Amino acid sequence: MKFEGGTPPGPGAGDVSPVTIARRPKSGLTRQQGDLIRRRLRSDAPPSYETLAAELGVPERAVELEAMPLRMRRENPPRGTINATPECASFAKMLAEANGVPVWAVTDIVYSQWAEYKAKEAAGLRMR
């Protein structure tokens with residue numbers, strides 16, 4: 001399947017960030033074992049930590065450490081992402097498409113109006 005769109009993904013697309021790897025807790029397992037644990041836990045029927053530990057012959061605590069999610073804030077996040085529930089994100093995208101504006105502009109407007117509302121509410125002004 002031929003890539004259609006802007007710039008095609010680079011050779012490292014989809015790789016885990018080296019910063020994430022460096023900040024992961026040290027479990028004492030090899031990288032291959034850690035990858036296997038995470039892959040098995042993402043499956044449709046994930047096994048328990050005890051089962052994984054027994055299969056690999058490693059301590060259960062090591063499996064727990066490998067399974068810990070590590071969320072890291074991106075230094076320069078793309079404007080296309082919205083840190084909201086899927087329902088809120090789809091609502092913002094719907095408003096953006098209906099009005100022909102970017103999603104970030106819609107969220108700016110919504111946040112501005114919300115801040116204005118809260119300021120008036122705090123000042124004791126009656127809202128219409």
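Contact here means heavy atoms within 4.5 Å. The model is predicted, so local features need pLDDT of at least 70 and side-chain atom pairs count only at pLDDT 80 or more, while totals for chains, interfaces and linings use all residues. Residues are numbered from 1 along each chain as its sequence is written, and side-chain values use heavy atoms, with hydrogens and water left out.

Select Ser27 first. Ser27 sits in the loop between helix H1 (18-23) and H2; helices are DSSP runs of H or I, at least four residues, numbered from the N terminus. Ser27 has a relative accessible area of 17% and is buried (under 20%, with a 1.4 Å probe and protein chains only). Leaving aside residues up to four places away in sequence, Ser27 touches Ala62, Leu65 and Glu66.

Next, show Glu66. Its side chain and that of Ser27 form a polar contact of 2.6 Å (a pair of N or O atoms within 3.5 Å; within protein, one must be able to donate a hydrogen and the other to accept it, and residues adjacent in sequence count only if both atoms are side-chain atoms). The Ser27 side chain also reaches the backbone nitrogen of Leu29, at 3.3 Å.

Now select helix H4, residues 60-67. Ala62, Val63, Leu65, Glu66 and Ala67 are buried there. Helix H2 (31-41) and helix H3 (49-56) are among the elements that cover these buried residues.

Tyr49, Glu50, Leu52 and Ala53 of H3 meet Glu60, Val63, Glu64 and Ala67 of H4.

Conventions:
Buried means under 20% relative accessible area, exposed over 50%, partly exposed in between (1.4 Å probe, protein chains only). Helices (H or I, at least four residues) and strands (E, at least two) are DSSP runs, numbered from the N terminus.
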